[in-house]
Amino acid sequence: MLRKILLLGLSVCLAANVFAAAEVDDEDENKPWQELEVQFPAPPLAENLQPFHVSATTDNKFFIDMASLSVGDDGVVRYTLLVVAPEGGRNVTFEGMRCQTRERRIYASGRADGSWVKSRNNQWARLQPASVNRHHAALFLEYFCPTGGILSDVEAVRRALKQGGYADTWAR
């Protein structure tokens, strides 16, 4: 009889621990996402620019500043993007991309003197497959989030950019 009572007590304690652990996990899952504070990077240098392919239908050239590339603990890939038009026009932006929510954000635009101007509309926006912003879709699908989630670390993202895309997507 004492043994049954002890076993019952032990079972109740174990069940309480399992429910408590599940409650802690639920709390983590229900915790609202918090973005890390963003620090603007140094202006891009030519030796750090990595070209990436977007589409055969554009004459623009696209580059990521590898020195600015980071994968934050908040699940955001941050990078400096340089777009060069055939006529020589340049557009430099510091951006973030969230694989989990398929969103992007422009934090700032680069000036010719190397300084940054904070974007007036720097809210998270859903990625669109439109041809106008095809470079964001390419970054999402082929370089930053090819598995549907963020690549494991910044080195994996750098490898994908240098290899012309995430290697596992080539088999699909």
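Modeller: Let's start at Thr-101, which is partly exposed at 23% relative accessible area; that label covers values between the buried class (under 20%) and the exposed class (over 50%), taken with a 1.4 Å probe and protein chains only. Before going on, please keep in mind that this is a predicted model, in which local features need pLDDT of at least 70 and side-chain atom pairs count only at pLDDT 80 or more, while totals for chains, interfaces and linings use all residues. Residues are numbered from 1 along each chain as its sequence is written, and side-chain values use heavy atoms, with hydrogens and water left out.

Thr-101 sits in the loop between strand 4 and strand 5. Helices here are DSSP runs of H or I with at least four residues, strands are runs of E with at least two, and numbering starts at the N terminus. From Thr-101 to Leu-127, 26 residues along the chain, the C-alpha separation is 9.0 Å. Arg-102 belongs to the loop between strand 4 and strand 5 as well. Its backbone deserves a look: phi of Arg-102 is near 55 degrees, a positive value in a residue other than glycine. Arg-102 is partly exposed, with 36% relative accessibility.

Counting a pair of cysteine sulfur atoms within 2.5 Å as a disulfide, the model has one. The partners are Cys-99 and Cys-145, with 1.8 Å from S to S. This pair ties together distant parts of the chain, 46 residues apart: Cys-99 is in the loop between strand 4 (90–98) and strand 5 (103–110), and Cys-145 is in the loop between helix 2 (134–144) and helix 3 (154–163). The turn about the S-S bond is -70 degrees, which makes the link left-handed. Are the two cysteines buried or exposed? Cys-99 is buried at 3% relative accessible area, and Cys-145 is buried too, at 2%.

Ala-156, Val-157, Arg-158, Ala-160 and Leu-161 are its buried residues, and they pack against strand 1, strand 2 and helix 2. Just after helix 3, Gly-164 has a positive phi of about 85 degrees. Gly-164 is partly exposed, at 41% relative accessible area. The C-alpha atoms of Gly-164 and Pro-51 lie 8.8 Å apart, although 113 residues separate them in sequence.

Phe-40 lies in the loop between helix 1 (2–30) and strand 1 and is partly exposed at 37% relative accessible area. Apart from neighbours within four places in sequence, Phe-40 is in contact with Phe-94, Tyr-107, Ala-108 and Trp-116. Phe-40 and Phe-94 are 54 residues apart in sequence, with 7.4 Å from C-alpha to C-alpha.

Trp-116 also takes part in the second largest pocket, lined by Pro-43, Pro-44, Arg-90, Val-92, Gly-110, Arg-111, Ala-112, Gly-114, Ser-115 and Trp-116. A pocket here is an open set of points on a 1 Å grid over the protein atoms alone, with protein on both sides within 12 Å along at least five of seven lines, and lining residues have an atom within 4 Å of a point; a cavity would be a set where a 1.4 Å probe fits but cannot get out. The pocket holds about 150 Å³ of space, the volume being that filled by probe spheres set on points joined across faces, edges and corners. Its lining has five nonpolar, three polar and two charged residues, where Ala, Val, Leu, Ile, Met, Phe, Trp, Tyr, Cys and Pro count as nonpolar, Asp, Glu, Lys and Arg as charged, and the others, Gly among them, as polar.

Finally, the whole chain: three helices and seven strands, running α-β-β-β-β-β-β-β-α-α along the sequence. Of its 172 residues, 34% are buried.

Methods
Contact = heavy atoms within 4.5 Å.
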